[in-house]
Amino acid sequence: SSPDKICTSIRYINTTFFSTNKNYKSQEKTAKLILAKKTGSHYTIYIFLQRLFMFSSILTTIFVIILFLLIFLNFISLPGNWIAAVLIIISAFIVPDGTYTFFYWLLFFVLLIAGEVAEFYLQILHGKKANASASSNVFGIIGAIAGGIIGMPFLLGLGAIFGTLLGAFLGSFLAEKFISHKETEEAGKVASAVVMGKFLGILLKFSLGIYLVFYTARTIFEAL
């Protein structure tokens, strides 16, 4: 009867989309195979399921691309990793239950914290070797952010990288020259050291962010 068919269809949809069982993929395939043998309204539901799964894959792909783009914000000294992390946390309420495991969240926070520590540690370490002052590091960070934003419209966005490094150099140089009252040559050496540390820190932080996005993408697609 029609009511029985409707109930059966609803049961298939619930089994396929809302199950928290680890056999999620197996249930999906079983539901599709059974529905494929049906005709009429059941076949319509089968087509709907196929399109919905395709739509989910497209949405996931768009989500991953957005995460990758956000990671590039690191090159203008903006917290790209953390902005991406916020979106990932929000996605936890949308993806199938059990997608993000305890191990995933552990690695998630380790990569985020390691990126921040690496960026600031390498900048301060290289600056310290050149006897950089505290103001040199602070103005180096401010200059990097300003330079990255100013350079962003150029060279299809790649200008942000050069702007960040140039801004970090100018900020650090001016701090050493006019606040610490060092000679021009010495201020230039300190600024160069700060920029090198800044670049290595950003590069390592960027790499950790990219790995986080790759791992997140694999985790989500395996759950679909």
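**Exercise 1. Contacts of I88**

Task: In this predicted model, list what I88 touches, leaving out residues up to four places away in sequence.

Solution. 
Step 1. With that exclusion, I88 touches F63, L67, Y100, Y104, W105, F108, L212 and T216.

**Exercise 2. T216**

Task: Decide whether T216 is buried or exposed, and find which residues it touches beyond four places in sequence.

Solution. 
Step 1. Locate the residue: T216 sits in helix α8, which covers residues 184-223.
Step 2. The relative accessible area of T216 is 1%. The cut-off for buried is under 20%, so T216 is buried.
Step 3. Its contacts beyond four places in sequence are L67, I88, Y100 and Y104.

**Exercise 3. L107**

Task: Classify L107 as buried or exposed, then state how far its C-alpha atom is from that of L212.

Solution. 
Step 1. L107 belongs to helix α5.
Step 2. Its relative accessible area is 19%. Buried means under 20%, so L107 counts as buried.
Step 3. L107 and L212 are 105 residues apart along the chain, and their C-alpha atoms are separated by 8.3 Å.
Step 4. Setting aside neighbours within four places in sequence, L107 is in contact with Y211 and Y215.

**Exercise 4. Helix α6**

Task: Compare the span of α6 with the expected value, then name its buried residues and elements that cover them.

Solution. 
Step 1. α6 has 18 residues, and the distance from its first C-alpha to its last is 26 Å. At 1.5 Å a residue, 26 Å is expected, so the span is close to expectation.
Step 2. The buried residues of α6 are S135, S136, N137, G140, G143, A144, G147, G148 and G151.
Step 3. The cover over these residues includes α5 (102-129), α7 and α8.

**Exercise 5. The nonpolar surface patch**

Task: Which residues form the nonpolar patch on the surface, and which helix supplies the largest share?

Solution. 
Step 1. The members are V138, F139, I142, L166, L170, L174, F178 and I179, with about 760 Å² of accessible area together.
Step 2. Two helices, α6 (134-151) and α7 (159-179), each supply at least two residues of the patch. The largest share, five residues, is from α7.
Step 3. Check one member: F178 lies in α7. The relative accessible area of F178 is 56%. Exposed means over 50%, so F178 is exposed.

**Exercise 6. The whole chain**

Task: Describe the secondary structure, the share of buried residues and the accessible surface of the chain.

Solution. 
Step 1. The chain has eight helices and zero strands; from the N terminus on, the order is α-α-α-α-α-α-α-α.
Step 2. Of the 224 residues, 42% are buried.
Step 3. The accessible surface comes to about 12900 Å², and 74% of it belongs to carbon and sulfur atoms.
Step 4. Take contacts between residues at least 6 apart in sequence: 67% of them join residues at least 24 apart.

Terms used. Residues numbered from 1 in each chain as written. Predicted model: local features only at pLDDT ≥ 70, side-chain atom pairs only at ≥ 80, totals over all residues. Heavy atoms only, no water. Patch = residues over 30% accessible without salt bridge, like charges linked within 9 Å, V, L, I, M, F, W, Y side chains within 5 Å. Areas by Shrake-Rupley, 256 points an atom, 1.4 Å probe, with all protein chains shown as cover. Salt bridge = Lys/Arg side-chain N within 4 Å of Asp/Glu carboxyl O. Helix = DSSP H or I, 4+ residues; strand = E, 2+ residues; numbered from the N terminus. Buried < 20%, exposed > 50% of the residue type's maximum accessible area, 1.4 Å probe, protein only. Contact = heavy atoms within 4.5 Å.
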